[in-house]
Amino acid sequence: MRKLLAATILLGGASLAGPAAAQDYLVFRSPTGNIHCAIWTGEWAGVRCDMMELTPTYRKRPADCDLEWGQSFAVDAQGGGYLACVGDSVMDPNAFTLGYGKSVSLGAFTCSSAKTGMTCTNGQGHGFQIAKAKQKVF
């Protein structure tokens with residue numbers, strides 16, 4: 001039996017509640033398709049966004065990362081945003097488009113889409129703001 005969670009999509013002050021993805025996992029992308037994101041809840045809850053194209057703000061790869069680095073940004077339920085060392089992608093051809101000016105929340109996480117990029121935060125207000133021209137973790 002699959003478990004459906006409710007995601008809240010905020011549309012300029014109004015909100016629509018609907019089914020998220022099965023297994024407490026929600027995937028979406030920016031209108032340009034340059035940013036692809038996933039939010040998941042549970043024991044290892046988090047948000048991650050992968051970028052197709054960017055001018056990297058962060059250039060020094062951590063010594064302990066032998067995988068891809070610099071195009072994936074993440075935040076867990078506790079702590080600040082970070083650049084993820086990954087060997088996979090959250091890109092999904094079935095992801096819905098999160099339009100500019102809209103937000104999506106699942107669990108304690110919220111991501112907001114704007115013409116200036118995507119901002120994702122955890123319940124503590126930590127996260128990341130990413131765009132093709134500049135990226136920031138906080």
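Because the model is predicted, local features were required to have a pLDDT of at least 70 and side-chain atom pairs a pLDDT of 80 or more, whereas totals for chains, interfaces and linings use all residues. Residues are numbered from 1 along each chain as its sequence is written, and side-chain values rest on heavy atoms, with hydrogens and water left out.

The secondary structure of the protein chain comprises 0 helices and 13 strands. These elements are DSSP runs numbered from the N terminus, helices being H or I runs of at least four residues and strands being E runs of at least two. Along the sequence, the pattern is accordingly β-β-β-β-β-β-β-β-β-β-β-β-β. An open sheet of 6 strands was identified, with mixed pairing and the order β7-β6-β5-β4-β3-β8; two strands are taken to pair if DSSP finds at least two bridges between them. The edges of this sheet are formed by β7 (82–83) and β8 (96–97), each of which pairs on one side only. Strand β7 is joined to β6 (residues 72–76) in the antiparallel sense over 2 bridges. Within this pairing, Tyr 82 of β7 is the bridge partner of Ala 74.

Of the 138 residues in the protein chain, 41% are buried. The chain exposes about 7700 Å², of which carbon and sulfur atoms supply 55%; accessible areas come from the Shrake-Rupley method with a 1.4 Å probe, and for residues only the protein chains shown count as cover. Contacts were defined by heavy atoms within 4.5 Å. Among contacts between residues at least 6 apart in sequence, 46% join residues at least 24 apart.

A search of the whole structure returned 3 disulfides, each defined as a pair of cysteine sulfur atoms within 2.5 Å. A disulfide is a covalent bond between the sulfur atoms of two cysteines.

Since Cys 37 belongs to strand β4 (residues 35–40) and Cys 49 to strand β5 (residues 46–51), the pair ties together parts that are 12 residues apart in sequence. Cys 37 counts as buried at 0% relative accessibility, and Cys 49 likewise counts as buried at 0%.

Another disulfide is formed by Cys 65 and Cys 85, whose sulfur atoms lie 2.1 Å apart. The link of Cys 65 and Cys 85 is right-handed, with 90° about the S-S bond. Cys 65 is located in the loop between β5 and β6 and Cys 85 in the loop between β7 and β8, so this pair ties together parts that are 20 residues apart in sequence. Cys 65 is buried, with a relative accessible area of 5%, whereas Cys 85 is partly exposed at 34% relative accessibility.

The remaining disulfide connects Cys 111 to Cys 120, with their sulfur atoms 2.1 Å apart. It is right-handed, with 120° about the S-S bond. Both Cys 111 and Cys 120 are buried.

How values were computed: Buried means under 20% relative accessible area, exposed over 50%, partly exposed in between (1.4 Å probe, protein chains only).
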